Amino acid sequence: MTPTVAIRVLRAPRVPRSSTWFLASAVVLAVFTVGAVFAPFLAPYDPDQVDLLNIQAGPSTLHWLGTDSVGRDTLSRMLYGARTALLAPLLVVVSSTILGVLLGLVAGWRGGWLDAVLGRIFDVVFAFPSLLIAIMAVALFGKGLVAPVIAMSIAYAPFVARLTRSLVTAERTRPYVAAYRVQGFSGAWIASRRVLPNVTPIIGAQSTLNFGYVLAELAALSFLGLGVQAPTADWGAMINEAQAGLIGGYVLPAIVPAVAVVLVVVAVNVIGEELSDRIGGGISA
Amino acid sequence: MTAARRVAGKLGALLLTLLLASMLVFFSRFLVPGDPVSFLLRGRKPSAEAVAQVSAQYGLDLPPWQQYLNWLVGVLHGDFGRSLQYRQDVSVVIGERLPITLGLVVMAGTMIAVIGLAAGIVAAVNRGRLMDRAVLIGLTVLGAIPSFVGSIVLIAVFAVQLGWFPSFGSGDGGFVDTLYHLVLPSIALAIVFVVLVSKVTRSSMVDQLGREHVEVATSRGLTRSAVIRRHVLRNSIGPILTVSGVLVAGLLVASAIVEAAFGLSGIGSLLVQSVDRLDFPVVQAIVLLVVTAFVVVNAVIDVLEPWVDPRSAAGAGAR
Amino acid sequence: MTLLDISQLTLDLPDGTRLLDGVSLTVAAGETVGLVGESGSGKSLTARSVLGLLPSGAVTTGSLRLDGLSVLDATAGQVLELRRSRASMIFQDPRAGINPMRTIGDHLTEGLRLCQRMPNGEAQAAALSLLESVGLPRPAEHLRQYPHELSGGMLQRVMIAGALTSSPHLLICDEPTTALDVTTQAGIIAVLAEQRAARGMGMLFITHDLNLAASICDRVVVLSAGRVVEQGDAREVFLHPHAEYTQRLLAATPTLSRPRERVVAAPSDAPATLAPPAVLAPPAADAMLSVRSLSKEYHRRGKEPVAAVVEASFEIPRGGALGVVGESGSGKSTLARMIVGLERADAGDIRIADRERTAARTRAERLAHARSVQMVFQDPYLSLDPRITAGHAIEDALRLHDSRGTADARARVLALLDQVGLGERHAQAQPRTLSGGQRQRVAIARALAIEPDVLVMDEATSALDVSVQAQVLAVVERIRRERGLTVLFISHDLAVVRRVCEQTVVMKTGAIVERGRTEEILDAPQHPYTRLLIDSVPRPEWEGERSATP
């Protein structure tokens with residue numbers, strides 16, 4: 001039985017949706033993306049250029065966001081840093097989503113022993129937090145972002161796979177799938193052409209949220225000195241380098257990349273949550 | 001199914017997961033192409049003595065499975081090999097640093113439980129109202145503050161500007177002083193996890209609030225607080241506990257970041273150092289430790305499930 | 001003495017939607033008043049407003065007095081007092097209404113302990129005696145059990161006992177038997193009637209089922225779109241309805257005993273079906289669907305295997321309609337799923353148009369199967385793909401089975417929709433913008449697109465309001481007439497089966513216990529279970545008179 005109108009009215013928590021937040025977040029992301037892509041044209045200085053006359057300088061017309069402990073322009077480094085900050089998580093999210101969706105679809109649609117085996121494998125991978133896998137990858141293959149990006153793609157895939165599996169399993173028992181079967185459509189067609197598109201939006205929303213986590217974790221890795229290596233500009237590495245100055249009160253070189261991280265992650269989370277809210281509302285209706 | 005059989009089954013699954021995880025930890029080394037001795041002694045001048053020691057420790061001339069079994073037997077006896085960096089047993093090196101990390105995790109865990117639950121409950125009870133919106137916005141912002149950002153902001157404000165708390169080290173070893181030194185690090189560590197706990201608390205409570213049994217309880221004249229306590233919160237424990245279990249491992253790993261930022265010598269900073277100094281036996285041991293903690297905690301939560309949700313004991317579908 | 005007095009009650013949502021529009025009704029002590037209406041009529045909302053359970057931000061006007069207390073102006077404390085001692089409510093779905101994580105005992109004693117401050121021992125004793133009085137077999141044991149250990153019918157008795165713990169003056173029942181089987185419903189209704197009489201309570205009984213309302217209510221209030229369209233003595237309303245809406249509703253409601261004009265005649269080119277079918281005779285030469293000794297068991301780990309279907313055999317002649325009647329767990333849906341190939345039978349065989357139905361391995365086999373039998377599912381909200389428009393869904397089916405051009409397919413989509421009374425507008429509609437009845441008609445059109453030999457309808461109208469059900473049944477009847485379609489009609493509702501099917505089989509726990517012409521079965525049931533089913537169907541005591549009225 002579908003709930004009666006009265007019950008639906010009684011139970012619907014009416015949270016007024018504000019598209020302002022959503023829009024603002026989209027703008028933030030767009031600004032950072034443009035900044036990253038066109039960094040060579042937008043940045044006032046080369047990220048590695050040292051200005052010996054202005055070391056640990058405050059904001060000025062020369063250096064809008066000041067300089068760091070060796071006199072490099074913070075704004076320029078922030079813009080260049082956005083490149084690794086955005087591209088690496090994007091790679092992780094795209095590859096983990098593709099891998100996870102494939103595995104989840106197979107596990108959820110086929111079920112049986114295959115599902116059980118995959119589930120056991122996911123359980124084992126779950127026991128390794130993604131940052132730990134990334135750190136291990138560095139321990140094995142050396143510093144840099146290549147090994148962590150691959151490792152985290154693998155670490156995040158089971159999350160996507162488990163979500164996909166649970167969605168596909170739920171869809172599989174729905175009458176509309178049975179209706180397709182009765183009409184004579186093949187299982188492969190139903191799974192790939194009908195069920196997959198129906199679950200994709202929810203997975204997309206989750207992957208958007210994952211983007212924020214991955215960004216924070218990869219920045220953390222660089223902060224620990226295990227990811228992007230000096231002198232390459234990167235948000236996490238910038239904070240790491242600015243730590244010493246922090247005690248002396250030179251907060252700007254640390255705060256600028258920190259604010260950048262927070263802004264991007266907030267924006268991504270707002271968009272991800274908004275997406276999953278909208279989709280959630282649409283499907284259950 | 002009897003309770004004993006259920007627990008035995010869970011125990012079996014736990015051991016299997018641990019076994020597979022230990023293989024992953026051990027055999028990961030074989031992913032690196034090239035000579036194992038030179039991998040293990042990267043960045044060091046391999047004296048003949050060191051080569052012999054490493055070869056003996058790992059039994060590098062034995063077939064991989066044999067090496068694994070030797071290692072596993074050692075681990076089960078608390079022998080994780082020797083640290084290349086400290087020239088001590090790995091277990092000793094880790095043992096010295098474990099208390100700081102545990103202290104950090106316990107303090108952060110307490111904050112997470114108290115603040116996370118409180119924020120989630122306040123938001124859920126006021127769902128759709130201003131208070132809910134305010135909490136949600138706060139959570140969205142806090143949730144975007146990774147622990148390394150949290151660390152530097154806390155240091156900048158409370159240690160450097162205000163001078164209320166120390167910014168470095170763990171103090172003179174006294175209990176109170178250690179706690180005092182751990183305040184800022186625990187906050188930095190807790191932030192993201194507080195958000196996760198309060199979000200799951202809120203969403204599972206909001207889910208329960210929409211259920212008919214809550215309406216029934218209300219219709220019988222129970223006070224709002226009794227309804228929330230007995231029917232909403234009680235029924236939300238399951239998801240909250242599940243998420244908490246997943247957080248444990250994340251907390252241990254994230255403490256690496258906080259320890260590095262605050263100059264604490266716990267196993268997190270040890271892990272980072274060991275990666276930096278190419279001390280692979282220590283890395284292996286810490287990874288195994290974190291994974292074991294995760295698997296054990298989650299197995300305990302699994303065993304508790306029938307108490308949390310009576311339906312699961314009967315094998316009836318959840319929900 | 002008037003217990004409940006609702007007068008000119010209106011309720012608006014903050015967005016301006018008016019859900020109740022001047023509702024007035026009264027309930028006296030010892031009286032049962034039926035609140036009848038289709039979904040969206042506002043009946044549940046009216047009932048909830050008595051207990052102060054209103055949507056947040058709703059604006060009400062008018063008056064609502066219970067026991068002299070004005071509920072709409074009551075303070076929070078007065079509302080609590082009202083819920084604790086004056087009125088109680090029984091909800092539709094006991095499975096959802098009782099906290100699954102607390103024991104039955106906790107559910108029953110919670111109000112006594114927390115609201116009446118009764119000591120635990122006393123509360124337990126009170127709960128025990130209440131469980132006994134609602135007819136549960138092992139009260140002491142039930143107190144320690146969890147809801148998932150009890151059946152739906154037992155849980156509804158627990159819900160009743162729970163509502164009675166506060167000794168209310170008014171008992172509100174919101175569709176208390178809709179989620180239950182008809183034989184279970186009869187027991188619940190008996191308990192309610194008995195308790196009302198014993199306690200002298202007033203009862204407000206909400207239902208969509210006119211026959212049920214007629215069978216237990218003294219007075220009836222008919223609600224439509226938030227307005228009272230008619231109210232009065234139950235007998236008067238049913239025998240001489242004044243409002244046009246009530247008349248339509250009554251006309252749309254299938255009843256067991258009054259044989260209606262059969263709209264469906266068998267197709268004229270197949271006169272054979274008009275002859276009384278030989279019930280246990282050897283298979284007729286022109287049997288379209290023939291099922292022989294079909295069996296299916298479900299095996300679940302750690303549990304006894306469940307025999308879902310046991311040795312079921314029947315056949316339907318070309319153009320005939322066979323009803324399969326049974327309660328939940330009777331195996332009727334499993335039977336349907338085996339016939340359409342969604343489940344594999346353990347034993348027995350299924351022949352459609354003289355072709356053996358086996359597991360489809362190749363594409364050609366799959367398509368041939370699909371052309372032999374199609375199915376319409378119970379829940380129209382779930383059986384259409386939420387992302388695919390109605391027209392696209394039908395077109396997909398057409399194209400799979402027929403590689404004619406796009407333009408031709410489009411034209412046939414419209415023709416098919418037209419056949420079920422829908423138009424081009426609906427072809428482009430997302431399923432969620434369609435009503436339940438429209439969706440079910442799309443589902444029928446989609447099934448017909450493949451031009452199957454047999455159409456299986458599995459509870460295809462049970463999720464629909466009666467007036468919508470009548471429309472859908474009319475569509476089915478017309479198509480049968482025009483196309484000579486063979487129909488297997490699965491339903492729990494004997495009255496609907498009477499309207500649609502010439503032949504009926506009755507199933508109980510997987511086995512067919514009785515078979516024959518529908519009217520003979522309903523008028524002179526042979527098997528005790530069939531008799532129980534028929535006797536359990538609620539009907540007003542004056543039902544016989546109705547057929548006499550013009």
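The span of residues 145–164 of chain A is 95% helix and 0% strand, and its end C-alpha atoms lie 28 Å apart. Helices here are DSSP runs of H or I with at least four residues, and strands are E runs of at least two, both numbered from the N terminus. The model is predicted: local features need pLDDT of at least 70, side-chain atom pairs count only at pLDDT 80 or more, and totals for chains, interfaces and linings use all residues. Residues are numbered from 1 along each chain as its sequence is written, while chains are lettered from A and ligands numbered from 1 in written order.

Residues 21–43 of chain A are 91% helix and 0% strand. Their end C-alpha atoms lie 28 Å apart. An unreviewed UniProt entry annotates both 21–43 and 145–164 of chain A as "transmembrane region"; such annotations may be inferred rather than shown by experiment, and positions follow the numbering used here.

Chain B is assigned domain 1 (3–76) and domain 2 (94–206 + 235–318), with bounds from an automatic or database domain assignment. The centres of these domains of chain B, taken over C-alpha atoms, are 29 Å apart. Twelve residues of domain 1 contact eleven of domain 2 in chain B (C-beta atoms, placed from the backbone, within 7 Å). Helix 1 (residues 3–27) of chain B supplies the largest share of the domain 1 side, eight residues.

Between chains, 22 residues of chain C contact 22 residues of chain B. Helix 2 of chain C gives the most to the chain C side, with three residues.

Methods. Two residues are in contact if their C-beta atoms, placed from the backbone, lie within 7 Å.
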